[in-house]
Amino acid sequence: MRVVGGALLCAGAILGQLVLTGYWPRSANLFDLPLVVVLYYALDRGPTPGLLLGGAVGLIEDALTGSLLGAGAVARGLVGYLIGSAGTRLVLIGPFPLLFLAAAGTLLSEVLEAATLALMGRRLVIPPILGLLTVAAGNGLVGGALLALRNRENRP
Amino acid sequence: MRHTARGGRPAIHLVVMMVALFSLMAGQVRFGRWSRVEGLLLHGASPILRSADAAAKELHELASRAAGRESPGRLRELEERVARLEIEKQRHREQEIENARLRALLDLGQSLPIPSVAASVLSNAVQGPAKTCLINRGTSAGLRPDMAVVNSQGVVGRTWTVAAGIAKVQLLVDASSGIAVLVQRSRVQGVLVGRGDHLLQLRYVSTLDDLEPGDLLLTSGQDRIYPKGLPVGVIAGVSESVSRQRVVTVVPRVDFNRLEEVLVLTESESSAQPMDFDP
């Protein structure tokens, strides 16, 4: 059941991002919905589910848009794992730590993907800093808001 | 957060997954692209892509309809009529632009001495680390990897992974893209590589070669992917690096942010003949 849920979430996130970028192309510069879903899922479920969902989302994104199958999966999977681990160790209350974690997860994912590609012999392409910070801030806002809502619902 | 470290030993799961993914990547690097695995994933994801494309079009339609439906009384009625006419006018303009674009593509298709297949762009990933786009034609239309993709402005890239009904195109600006070119004016040859941003760099040219900003670069046909004579880009700047190597920056002819329709050249072995591209 959890596998089906994860697969649906994965497909939904990618579909959502594709619809959004098809309707409003600039949204791709503002936030990355599949990554937000990975971060949210990892914080909510823990390191292993975060790793698996991140890996699955990354692998599909690699197949659709990537240059090396697996590079995005390594980055998203590792970020899912690390954020999931942080969620088990840290007490995250209020929107700001969540916003910070989502933004940090985004930056880490981009850096890890570029580093993985370079490690596998591809040319190191440093992503434009302004664009990277914009997506990190956008993901932080969207992810932070989602997680804060979730926390409020779970509060007794 | 409500969970604890569930699922047994997360660190072992991480190691297993990383080993699997790095093996997958090493396999691709060592033995070439695993187009079958990629093709299967691409084929599996194509319903998501097609649904996303249809949903985005539907959203556009709904938004244009909703734009003509507000405000009270007579004024509202008039405003509605004006809005509808505006939308109609906009749609006609859009159709005119589309017609012009398709006509240019059709003219190009007829002027090209090579058989070609027209395709629509489903999604365009120019923001990520890899610069690619997906088109709605695949093996069923006769496409194979490493076929040249062009539009009325010039060279777009080459087909990369091809599945039934869908194909991934590597754009010229991708960091791992390379194309053999020659300068139209001086006939100097070189290799044009993507920088991973929106520009290209001309390599394997000497400091003595005759290159000037504004020079047009055409495909030389040496790479056996792109037929000779297709416009690729224009030299934007020529400078020297600290190691006294020539740095030639090139602006691609194609606007990769506005790709909508493309032609895939289904045969690459062809000699130069004059082709009608947009100025």
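In the predicted model, A:R76 is buried, its relative accessible area being 6%. Because buried means under 20% relative accessible area, this arginine falls within that class at 6%. The residue is part of helix α4 of chain A, which spans residues 71–89.

With A:E61, A:R76 forms a salt bridge in which the closest N and O atoms are 3.0 Å apart. A:E61 belongs to helix α3 (residues 47–65) of chain A, whereas A:R76 lies in helix α4, so this pair ties together parts that are 15 residues apart in sequence. A:E61 is itself buried, with a relative accessible area of 16%.

A salt bridge also joins A:R76 to A:D32, and here the closest N and O atoms are separated by 3.5 Å. The two residues are 44 residues apart, and the pair links distant parts of the chain: A:D32 sits in the loop between α1 (2–23) and α2 (33–45) of chain A, while A:R76 is in helix α4. A:D32 counts as buried, at 12% relative accessibility. These pairs belong to a network of salt bridges that links A:D32, A:E61, A:R76 and A:E113.

A:R76 is also among the residues touched by A:S109. Leaving aside residues up to four places away in sequence, A:S109 touches A:L35, A:A75, A:R76 and A:V79. A:S109 is found in helix α5 of chain A, a helix covering residues 95–119, and is buried, with a relative accessible area of 0%. Between A:S109 and A:R89, which are 20 residues apart along the chain, the C-alpha atoms are separated by 20 Å.

In chain B, a salt bridge is formed by B:R158 and B:D146, with 2.4 Å between the closest N and O atoms. B:R158 lies in strand β4 (residues 154–163) of chain B and B:D146 in the loop between β2 (132–135) and β3 (148–151), so the pair ties together parts that are 12 residues apart in sequence. B:R158 is buried, with a relative accessible area of 15%, whereas B:D146 is partly exposed, at 32%.

Over all chains, the count comes to nine salt bridges. Among them are the pairing of A:R76 with A:E61, that of A:R76 with A:D32, and that of B:R158 with B:D146. In general terms, side chains of opposite charge can pair when their charged atoms come close.

Terms used. Residues numbered from 1 in each chain as written. Chains lettered and ligands numbered in written order. Predicted model: local features only at pLDDT ≥ 70, side-chain atom pairs only at ≥ 80, totals over all residues. Heavy atoms only, no water. Salt bridge = Lys/Arg side-chain N within 4 Å of Asp/Glu carboxyl O. Helix = DSSP H or I, 4+ residues; strand = E, 2+ residues; numbered from the N terminus. Buried < 20%, exposed > 50% of the residue type's maximum accessible area, 1.4 Å probe, protein only. Contact = heavy atoms within 4.5 Å.
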